[in-house]
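These notebook entries record what I looked up in one structure. I began with a domain interface and then turned to charged pairs and helices.

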Amino acid sequence: MSSHVRIKRYEGPAGGWGSVQSLFKNALKNKVRLSTLDALLHQNKKSGFACVSCAWAKPAKPHPAEFCENGAKATIWELTSKKATPDFFAAHTVTELRSWDDYSLEAVGRLTHPMRYDHLLDIYEPVSWQLAFEEIGRELKAIRADDPKKVVFYASGRASLETSYMYQLLARLYGNNNLPDSSNMCHETTSVALPEVIGQPVGTVRLDDFEHADAIFFFGQNTGSNSPRMLHQLQEAAKRGCTIITFNPLKERGLERFTNPQSPTEMLTGSETRISHRYYQVKAGGDIAAITGICKSLFEREAASGGILDHAFIAEHCHGFDDFRAYCHEQSWGVLEAESGLKREEMEEAAAIYARANAVMGVFGMGLTQHKHGVTSVQTLINLLLLRGNIGKPGAGICPVRGHSNVQGQRTVGISEKPELVPLDKLKELYGFEPPREEGLNTVDACYGILSGDVRAFVGLGGNFLRAVPETGPMEEAWPRMRLTVQVATKLNRGHLFNGDVAYLLPCLGRIEVDRQETGLQVVTMEDSTACFHASKGRARPISEHLLSEPKIVAEIAKASLPVNPQVPWDDWVADYSEVRNAIEATYPEIFKDFNKRMWTPGGFEKPLSANKREWKTETGKANFRVPKALSASFDNGADKDVLRLITLRSNDQFNTTVYGYSDRFRGVEGTRMIVFLNPADMARLGLRDADIVTLETASSDNVARSRPGLRVVPYNIPEGCCGAYYPECNVLIPLAQHAEQSKVPAAKSVPVRVVKQDGQIQLQAAE
Ligand SMILES: Nc1nc2c(c(=O)[nH]1)N[C@H]1C(S)=C(S)[C@@H](COP(=O)(O)OP(=O)(O)OC[C@H]3O[C@@H](n4cnc5c(=O)[nH]c(N)nc54)[C@H](O)[C@@H]3O)O[C@H]1N2
Ligand SMILES: Nc1nc2c(c(=O)[nH]1)N[C@H]1C(S)=C(S)[C@@H](COP(=O)(O)OP(=O)(O)OC[C@H]3O[C@@H](n4cnc5c(=O)[nH]c(N)nc54)[C@H](O)[C@@H]3O)O[C@H]1N2
Ligand SMILES: [Mo]
């Protein structure tokens, strides 16, 4: 075990000096390019670039430095001067690289040349772009002649609206809707849940709502690590007297207290703002029961004294109210307490806070979406909001906090496996072809296709698919059986080390880098979490002269693999991205009117949202109350107390599968990621002590052995029956079949596991 490992309770706030220190460490380690400071000063500004980290909204009046610790880390990570050159690849076989951890692989630096995998030598070799596109085109043509449905076009949520539009068109011209994206592992649950109940797939909250909210109900979103800029809005709201209450199995520091690193006074005086007024530690999957309990209490108060519910709103705008009320009435407090992990008084207290507030916001993240009954969780939260008309009024609404910086935008411009969500007739009219109408593969189905051998080729526009999906073992085994694998990427990751018969690793420009094409400097656009569109202009010199932009790579793959279609001006689009924006506007005129002009609007320009106007584009024409399908969002562990619910977590030092380092500062874990957080009562029952080394084994009935050895026990403030460990190290434990009903988002927040003590000491993954 590494001498660097240190587990110690963190006493400070989120933000503050800790975040500044962490940044400096990171900048030194990554040998940043000189342009990094210049880049940071233009992050999330008009005429600057949109942060490559999370999708949180960019204010119209930004702070002098409108970035957070983790946004800056993402910039530093992209602007490193370290390189993964052909010399590096010549010196390491791919088999050897598989023994490296996620951190070490990406830490090599930026990819600089297009590379082709040589099976005989087991290394990546440099290749010219021309040869790469020729061979990829040949291979794709051959598969298309057989069956165009055998290719998957994955996107990871970061690529711009321009690239994404071109990419979806490539897939559809090729002949399929196989366009899974990272959203399928993330907020797809939201995109399935919300249209059924409020008639739009995205949230209703805009940035200025934070100035008017009286209460914010927070479910399963770790703001301090994953969208820290949002702490500014929360801090201001809290100071204004807005009541923030949090539902989370873990006490996440960012949701407890915060010192704004942007405020000299706060930094010097060490003052901090309490963020959450109440913190309810629900069990994993306990939110449906918790919200049902709150609603039950509201109905009881209404029956006792009246004046609680917004009857006028319910009568005019809602459907299904009586059924939901009857359901809440039938649930006993005992069962609600057992399923939620909260006491009746806590649910009643939350109900009292809710009832006092005129405008309430519901905010949520992966803690709701990555469960078997994630769709029900989100819809139950909508039930709560509807009771007092908290949709479509200032300061109120639903706020899913999206992940990747353009994940919401990719869906908006057609990256979707669901043909009914895409204006296919419009594409037909604009480009003179018959778009495929059959449902495509989402992430889970793409995995099944790869496991069965039906999928013959995988094209990845960014991301680390193989590492992000469940069922790591069988997936890594099946992956090389594909004929063709093409990865467009900025850095080397483990997903690049499993290769089809023909395999390419294509390096692209990062968003922060200058993108110059025939007509000059190019700008790209994204959509943030609050459905606002922004322009983003790269500033840094590209790390290598051999990089191509993502639009260029997509266009060249399209030209090499598709029959000529004069109606699709691939070259003109690459020469001038404003032409792609014109095409987007022509495809979606209501959303993107005057796109090229409005993209410079400070704070972004807004997508029209029907629910905000209380127009309900649902089947009933109303906002729908839904009776929950289950009281627990999780699996049923029956009577077996030794099966725990494993929550797979992000540390404060990673962006998804990109591991920046080994410091999960707020949770007090330093120097290792190989830990499991356990409740002391569970530890005592299982005969475990602090720092014991254990194996987690999946408890499932499918007779497949899945285990993650070498985890150090960390006693932690986490509800009994639950445990926590890091993603992606623990993805090996998640059965592919365990996903959210309807949305098929893997149930990464409730994996049934047993903890087995290891005999003897096992070498832990050491820090760098
Ligand atoms: N720095 C950084 N920023 C990021 C990312 C990153 O990895 N690093 N990832 C980006 C992406 S793609 C995404 S999707 C977002 C993810 O951001 P989040 O939505 O915050 O996702 P997680 O960190 O996976 O977990 C969220 C929280 O859910 C809690 N939780 C787990 N189970 C439950 C439950 O059953 N109920 C409740 N109420 N809470 C629960 C966990 O304790 C955790 O605090 O962040 C984005 N931003
Ligand atoms: N167990 C568990 N599994 C999870 C989750 C969880 O909470 N628990 N979360 C899920 C979620 S929410 C998500 S979003 C997915 C994430 O899944 P992905 O989006 O597939 O994964 P990332 O780790 O974000 O991808 C990182 C890689 O993207 C590449 N990259 C970075 N910038 C660029 C760029 O500008 N262009 C291109 N072309 N490539 C770039 C780099 O090569 C880097 O190695 O993981 C999911 N998996
Ligand atoms: Mo995500």
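**Entry 1: the interface of two domains.** I worked from a predicted model throughout. I first counted contacts and found that six residues of domain 2 touch ten residues of domain 3. The area buried between domain 2 and domain 3 came to about 600 Å², with 44% of it on carbon and sulfur atoms.

Entry 2: On the side of domain 2 that touches domain 3, I counted four nonpolar residues, two polar ones and no charged ones.

**Entry 3: salt bridges in the whole structure.** I recalled that side chains of opposite charge can pair when their charged atoms come close. My search of the whole structure gave 44 salt bridges.

**Entry 4: a pair within one helix.** I found Lys-73 in a salt bridge with Glu-69, with 3.4 Å between the closest N and O atoms. Why can these two residues be placed about one helical turn apart? They are four residues apart in helix H3 (residues 69-78), so about one helical turn separates them. Lys-73 is buried at 1% relative accessibility, and Glu-69 is buried with a relative accessible area of 10%. I checked the rest of H3 and found ten of its ten residues buried; among them are Ala-72, Ile-76 and Trp-77.

**Entry 5: a pair between helix and loop.** I recorded a salt bridge between the side chains of Arg-437 and Asp-425, at 3.0 Å from N to O. Arg-437 lies in the loop between helix H22 (424-431) and helix H23 (443-452), and Asp-425 lies in H22, twelve residues apart. Arg-437 is partly exposed at 42% relative accessibility, whereas Asp-425 is exposed at 53%.

Entry 6: I found the side chains of Arg-494 and Glu-476 in a salt bridge at 2.9 Å, N to O. Arg-494 is in the loop between strand E17 (484-489) and strand E18 (502-507) and Glu-476 is in helix H25 (residues 472-478), so the pair ties together parts 18 residues apart in sequence. Both Arg-494 and Glu-476 are buried. I also traced salt bridges with shared partners that join Asp-181, Glu-188, Arg-411, Glu-417 and Lys-418 into one network.

**Entry 7: helix H23.** I listed Thr-443, Val-444, Ala-446, Cys-447, Gly-449 and Ile-450 as buried in H23. Their cover includes strand E7 (151-155), strand E16 (457-461), helix H24 (465-468) and H25. At the start of H23, I found a side-chain oxygen of Asn-442 within 3.3 Å of the backbone nitrogen of Val-444. Just after H23, Gly-453 has a positive phi of about 90°.

Notes
Residues numbered from 1 in each chain as written. Chains lettered and ligands numbered in written order. Predicted model: local features only at pLDDT ≥ 70, side-chain atom pairs only at ≥ 80, totals over all residues. Heavy atoms only, no water. Contact = heavy atoms within 4.5 Å. Buried area = accessible area lost by both parts, 1.4 Å probe. Nonpolar A, V, L, I, M, F, W, Y, C, P; charged D, E, K, R; others polar. Salt bridge = Lys/Arg side-chain N within 4 Å of Asp/Glu carboxyl O. Buried < 20%, exposed > 50% of the residue type's maximum accessible area, 1.4 Å probe, protein only. Polar contact = N/O pair within 3.5 Å; in protein donor to acceptor, adjacent residues only side chain to side chain.
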